[in-house]
Amino acid sequence: TYLQPQLNKAVKLADMDRADVGDKNPKDFILFQKAKHDVVQTRKDNTGKGEYIEGMVFPTLQFPSDHGLLMTVLRARADPPAA
């Protein structure tokens, strides 16, 4: 049986460690104007517990999404430089 409801993305347990099977690469971006904001913190999560486990295939029973979370806290600059 497969946990992945999208069978075209399903991987057999025996094949989980193969580099050519499954997509384990993050593809999310946060775009902002660097001249107007400073990055305070950036985090990613694929567990639902505020942690990211590299190389983990998901969804899992604990994290039932095939998309990880990417979070960034931005601080607006008080006086952005003129462009």
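Exposed here means over 50% relative accessible area, buried means under 20%, and partly exposed covers what sits in between (1.4 Å probe, protein chains only). The model is a predicted one, with local features needing pLDDT of at least 70 and side-chain atom pairs counting only at pLDDT 80 or more, while totals for chains, interfaces and linings use all residues. Residues are numbered from 1 along each chain as its sequence is written, and side-chain values use heavy atoms, with hydrogens and water left out.

Now to the charged pairs. Taking a salt bridge as a side-chain nitrogen of Lys or Arg within 4 Å of a carboxyl oxygen of Asp or Glu, the count is 3. Glu54 pairs with Lys44, with 3.0 Å between the closest N and O atoms. Glu54 sits in the loop between β1 and β2 and Lys44 in strand β1, so this bridge ties together parts 10 residues apart in sequence. Strands are DSSP runs (E, at least two residues), numbered from the N terminus. Lys44 itself is partly exposed, at 35%.

Asp38 and Arg77 make another bridge, at 2.8 Å. Asp38 belongs to strand β1 and Arg77 to the segment after β2 (69-76), so parts 39 residues apart in sequence are tied together. Asp38 is partly exposed at 30%, and Arg77 likewise at 32%. Asp15 bridges to Arg18 at 3.6 Å; Asp15 is partly exposed at 21%, as is Arg18 at 38%.

Strand β1 (residues 37-45) also holds Val39, which is partly exposed at 46%.

Notes:
Helix = DSSP H or I, 4+ residues; strand = E, 2+ residues; numbered from the N terminus.
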